[in-house]
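This note sets out several points to check against the sequence and the structure. Please keep both in view while reading.

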Amino acid sequence: MTSIEELRVLPPLAVGRLGAAVEPMDNYTAETDPDQPLAPRRLRPAPTFRVDRTSGAITGVETPGELRFTDGQGKVRPVAPFLEVWALTDDHVLRPLTLDLLRLNGLTPGDVRWRVRVGNHKIQRRTYDDRDRIDADTEWFSDHAAHALNGLCPNFLEGRSLPLGHARYLQPTPGFPGVRLRFTPAGGHVYGSAYTDRPTDPDPNVVDFLYDATKGTWRGHADQAGDPRLTIPAQIYAGDDGPNGSWVSRGYLDDECDGLVHVKLEVSGRELTAFGRIGAGPPAYAPDSVPIRTVADELDQALSGPRATAGDTLEQARAVAEEVLRRATETVRLMNTEVMNGNTVDGRVDAASTMVRQDTADTGRLFEPIMAPSLVDTAAVLALHQNVLAALRSGTAPWFADVLRDHDEVGDLTAKGRRKMPALMRGADGRSLALTRRQVDLVRLAARQAIFRQDTDDPEVPR
């Protein structure tokens, strides 16, 4: 008999996207068009599970003829990821947990138990009041119904909760025997705060009001300058100008969340457990583009280390260099580079939240554009990136490795330092954005090897 020794939840991290439509988003891939390599990535429909809303069973796999990100009413279709349970068996093989494997161990699908816990702690992160934490917990379940993730908060209005989506244990069938859970995020709504002791305040009985501003301080909250616990930058919430240059919260809250999916199964008197992580973010309104630095890049660095290794080939390094440049091209396509550079646009100085504004606000640096204002026309910058990408694809060494910003240069406020790449964007620390150290090192590896390979047949030269 193949005995179950351990459990795993795969993928270990799944990110959903908010959407109010009933039907979740279909699967798709984003591919480079070989006939138009400088064009935006092509979105291709991919095989997608169809789930019966009544039984919770997968009824089939279908590849849609076209991709639609909204339903017929214009509501965004949520991205609702699946999480699978895998088992490490006594023969040291990691395999999907299925009906047959359960049966071999004297078990049924009803013996698999799930628990999902998620939270939205954005308000508590600002007020430092634990009564502002919003948490949802399904408790343990083994049925195939949709279990609502209703966020509860001590400072909510009486009887109110924040819908954070739902979780469902999909019913295994002979056609689809795997053990899976599906997380469907919330609708992407914004809710308000109401004072219950002010007759002139908006009616707290209106469904869009959740937070009791009489009990909590979120409505009217202002980040305190100098508090070392603040995010960088601070005051990134909807608000209005207050006294002494403060930014006063309007008391809004959204329905994003993140948390844990737990699974447990008792096998031969032993309780086996595993967990995975889930999160819900906003819809992807540029699905054919990839941000210049992603969570996947962070995980790659955590797994492989910050430097290129002996196992990294020239082809891999060149692929990273091309991907970095392609993402940069896609980013420029979505930017107003003149505004982000700090140019005076339509007679307006400091027309938007930019690194120029932030450098001045944080350090008192002279407010001046990062690049020469005449050089940042969006069409011209996009054409430059496309030309470099075309050269790279034709075999030219990635010369731009020399202008990449290193991780320890994000605070360099000299004119030269601010012009390094990626330009005009900030990281989570409020300073200029840098690629991961591994990304930078792989690009530079590609540049070095390409240079040394020229005009030589020496087998010792890396290829």
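A residue is called buried when its relative accessible area is under 20%, and exposed when that area is over 50%. The points below concern a predicted model.

1. Helix α7 spans residues 378-393, 16 residues in total. From the first C-alpha to the last, α7 reaches 23 Å, close to the 22 Å expected at 1.5 Å a residue. The buried residues in α7 are V381, L382, H385, V388, L389 and L392. They lie on the same side of α7, because the arc they cover around the axis is only 125 degrees. A379 and N387, on the other side of α7, are exposed. As a general rule, an α-helix has 3.6 residues a turn, so residues three or four places apart point the same way.

2. **The largest pocket.** The space in the largest pocket is about 1400 Å³. Its lining is made up of 38 residues, and V15, R17, Y28, V79 and A284 are those that lie nearest the centre. Two or more lining residues come from each of β2 (13-17), β5 (48-51), β20 (270-281) and α3 (295-304). The largest share, five residues, is given by β2. Sorted by class, the lining has 25 nonpolar, eight polar and five charged residues.

3. **Cis peptide bonds.** Most peptide bonds are trans. The bond that joins L10 and P11, however, is cis, with omega about -5 degrees. P11 is placed in the loop between β1 (4-10) and β2. A cis bond also runs from M421 to P422, where omega is near -5 degrees. P422 belongs to the loop between α8 (415-418) and α9 (437-453).

4. **Positive phi angles.** Most residues other than glycine have a negative phi. S268 is not a glycine, yet its phi is positive, at about 50 degrees. The loop between β19 (257-267) and β20 holds S268. L424, also a residue other than glycine, has a positive phi near 70 degrees. L424 is found in the loop between α8 and α9.

5. **Are S268 and L424 buried or exposed?** S268 has a relative accessible area of 68% and is therefore exposed. L424, with a relative accessible area of 10%, is buried.

Terms used. Residues numbered from 1 in each chain as written. Predicted model: local features only at pLDDT ≥ 70, side-chain atom pairs only at ≥ 80, totals over all residues. Heavy atoms only, no water. 1 Å grid on protein atoms, 1.4 Å probe; cavity = no way out; pocket = protein on both sides within 12 Å on 5 of 7 lines; lining within 4 Å. Points joined across faces, edges and corners; volume = space filled by probe spheres on them. Helix = DSSP H or I, 4+ residues; strand = E, 2+ residues; numbered from the N terminus. Nonpolar A, V, L, I, M, F, W, Y, C, P; charged D, E, K, R; others polar. Expected span 1.5 Å × (residues − 1). Buried < 20%, exposed > 50% of the residue type's maximum accessible area, 1.4 Å probe, protein only. Arc of directions from axis to C-beta.
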